[in-house]
Amino acid sequence: MALSIRRACLDYGFFYLVNHGVEDALLERVFDESRKFFSLPIEEKMKLARKEHRGYTALYAEKLDPTASSDLGDAKESYYIGPLAGNATENDLNQWPSREQLPSWRATMETFYKQALLVGRQVISLIALALNLDENFFEKIGALDNPSAFLRLLHYPGDLRSLDEEILGASAHSDYGMITLLVTNGIPGLQVCKEKSDRPRIWEDVAPIDNAFIVNVGDLMERWTNCLFRSTLHRVIPVGEERYSVAFFLDPNEDFVVECLQSCCSESSPPRYPPIRSLDYLIERLRLTYEDGFA
């Protein structure tokens, strides 16, 4: 498996993960609870507007590609859940819908968060093996002591025909951190561009596989591996159907300093990037995403 993951990370930075241990019934509950939340009136959702990178982000409020020509943000709404109480040294800063409105919501999301974190740690072990390192390498160096892990629920409306300009559900971007686990409700729309520098860009569809995680390498992992493992541009295009997805972002603990792995550099291939504190890197990337009023 490590060899297959190595090839996928060298060539695409994306791969499917099946037999991951997360029960289909739990995934169904997560999507059901997600639909219930996004079906609430906007004034109810805005009571939980994003603070400390937790909570609700409204339609068009985020622009993943700051260079995109559209004046509108991306055609999606989302909800962030950060580290749970007991999972990190910080207080639980999450916002939760009221139990009166959504009685099973918090318990469902906390259960899925914990299982996704276990899967993410297992994937990191496989990536270590794919880099010809000890499977516990990232654990041993402290990268995953109190990791910065965020769960994001996403909703893409189905009908955008009333808009005069062409917009995307998620504009072209690569994920910022270490790895992302993504699961969808089976509706297509996700595309990848294998070569970032190609003009024009060539986009390929990523077909959904029922209850499989799509794993993708983030920019921080690309930086860590001196661009050996690639973070790949991807986007979500409107397909005329309502689309839901759930992303789990697994990143190092906030104070961990990411620097080129010794096994990924040499005299002929020196480090391309200086060391950087994980939190500093992620804050700057998020600032660019939400600047100019996209908050």
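So, H2 and H4 cross in a left-handed way, where left-handed means that the near helix is turned anticlockwise from the far one by less than a right angle, and right-handed would be clockwise. Quick housekeeping: this is a predicted model, where local features need pLDDT of at least 70 and side-chain atom pairs count only at pLDDT 80 or more, while totals for chains, interfaces and linings use all residues. Numbering starts from 1 along each chain as its sequence is written, and side-chain values use heavy atoms, with hydrogens and water left out.

Back to the helices. H4 covers residues 105-130, and it packs with H2 at an angle of about 135 degrees, the axes being 10 Å apart. The axes are lines fitted to C-alpha atoms, for helices over the stretch in contact, with angles from 0 to 180 degrees between N-to-C directions. That makes the pair oblique; under 35 degrees would be roughly parallel, over 145 roughly antiparallel, 65 to 115 roughly perpendicular, and oblique is the rest.

Who meets whom? On the H2 side, Leu26, Val30 and Phe37 are among the residues in contact, and the H4 side includes Trp105, Met109 and Phe112; contact is heavy atoms within 4.5 Å.

H2, residues 24-38, also packs on the sheet, touching E2, E3, E4, E6 and E11, and its direction makes about 110 degrees with that of E11. That sheet is open, with seven strands in the order E1-E9-E6-E11-E4-E3-E2 and antiparallel pairing; strands pair if DSSP finds at least two bridges between them. At the edges sit E1 (14-17) and E2 (55-57), each pairing on one side only. Inside, E6 and E9 are joined by four bridges, and Leu181 has Val215 in E9 as its bridge partner.

Which peptide bond is cis? The one from Arg199 to Pro200, with omega near -5 degrees, and Pro200 is in the loop between E7 and E8.

Then two asparagines. Asn19, in the loop between E1 and H2, has a positive phi of about 55 degrees. Asn226 has phi near 60 degrees, in the loop between H6 and E10. Buried or exposed? Asn19 is exposed at 79% relative accessibility, whereas Asn226 is buried at 5%; the cut-offs are under 20% relative accessible area for buried, over 50% for exposed and partly exposed in between, using a 1.4 Å probe and protein chains only.
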